[in-house]
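Let's walk through this one together, starting with the covalent link and working through charges, core and rings.

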Amino acid sequence: MKTLKLLTLGIFVLSIFNCSKDDDNDAVAVQPEPTILEKISYRWNIVTVEDPSSGIQIPLNTCEKRTYYQFSLTGEAIVELFNEDDDNNCISNGVVNGTYELIQVDGENEVLITSDSGDETSKIISITETELILEQQGFGIRHLIFRRR
């Protein structure tokens, strides 16, 4: 009987000490996943263009790879396209300043760029912290693949 009382007392004392620690204070705060707006709000340089139906990548020269899209958190957009002229000089086709909106069309995320030149809508195929893939239509469907600068 004495052993039973000591065993019961021991279990009671151990349970009191085990419950006294607050494990919640040791929890690490989990950072929320950045929103599309937070991910897109950078300067993005083009690295390649791909035909999505065949998977064939269209090679870009060093000059064309200077092309960039830049998006701000406040909705401003800057686009600058580069090409080589007939003498193989790298030239800017000009800087297009405008605004952009992130929109949903048929459940897909898209970016609508509005400028004096008109509107351009591109479907966001994927976006990570370092890569942006936009689908554009015009002379066929193509994927523009960008890296964050």
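Searching the whole structure turns up 1 disulfide, where a disulfide is a pair of cysteine sulfur atoms within 2.5 Å. Cys63 and Cys90 are the partners, with an S to S distance of 2.1 Å. They sit 27 residues apart and link distant parts of the chain: Cys63 belongs to the loop between β2 (57-58) and β3 (68-71), and Cys90 to strand β5 (residues 90-105). The strands here are DSSP runs of E, at least two residues each, numbered from the N terminus. The torsion about the S-S bond of Cys63 and Cys90 is about 85 degrees, so this disulfide is right-handed. Cys63 is buried at 4% relative accessibility, while Cys90 is partly exposed at 32%. For those labels, buried means under 20% relative accessible area, exposed over 50%, and partly exposed in between (1.4 Å probe, protein chains only).

A word on the ground rules. This is a predicted model, so local features need pLDDT of at least 70 and side-chain atom pairs count only at pLDDT 80 or more, whereas totals for chains, interfaces and linings use all residues. Residues are numbered from 1 along each chain as its sequence is written, and side-chain values use heavy atoms, with hydrogens and water left out.

Back to the loop between β2 and β3, which also holds Thr62. Thr62 is exposed, with a relative accessible area of 68%. From Thr62 to Phe82 the C-alpha to C-alpha distance is 9.5 Å, for a separation of 20 residues in sequence.

Now for the charges. The structure has 4 salt bridges, each a side-chain nitrogen of Lys or Arg within 4 Å of a carboxyl oxygen of Asp or Glu. One of them joins Glu33 and Lys39, whose closest N and O atoms are 2.9 Å apart. Glu33 is exposed at 60% relative accessible area, but Lys39 is buried at 13%.

Glu129 lies in the loop between β7 (118-127) and β8 (131-138), and Arg148 in strand β9 (residues 140-148), 19 residues apart. Glu129 is partly exposed at 39%, and Arg148 is partly exposed at 32%.

Which residues have the most contacts inside the largest nonpolar core? They are Ile40, Tyr69, Phe71, Val111, Ile113, Leu132 and Phe146, in a core of 18 residues. Such a core is a set of buried Ala, Val, Leu, Ile, Met, Phe, Trp, Tyr and Cys residues joined through side-chain atoms within 4.5 Å. At least two residues come from each of β1 (43-50), β3, β4 (76-84), β6 (108-115), β7, β8 and β9. The largest share, 3 residues, is from β1.

Beyond neighbours within four places in sequence, Asn45 is in contact (heavy atoms within 4.5 Å) with several residues, including Lys65, Tyr68, Phe146 and Arg147.

Finally, the rings. There are 3 aromatic pairs in the whole structure. Phe, Tyr and Trp rings (the six-membered one for Trp) pair if their centres lie within 6.5 Å, and planes under 30 degrees apart count as stacked, over 60 as edge-to-face and the rest as tilted. The Phe71 and Tyr100 rings have centres 4.9 Å apart and planes at 70 degrees, so they go down as edge-to-face. Since Phe71 lies in strand β3 and Tyr100 in strand β5, the pair ties together parts 29 residues apart in sequence. Phe71 is buried at 2%, and Tyr100 is buried at 7%. Tyr69, Phe71, Tyr100 and Phe146 form one aromatic cluster.

How values were computed. Helix = DSSP H or I, 4+ residues; strand = E, 2+ residues; numbered from the N terminus.
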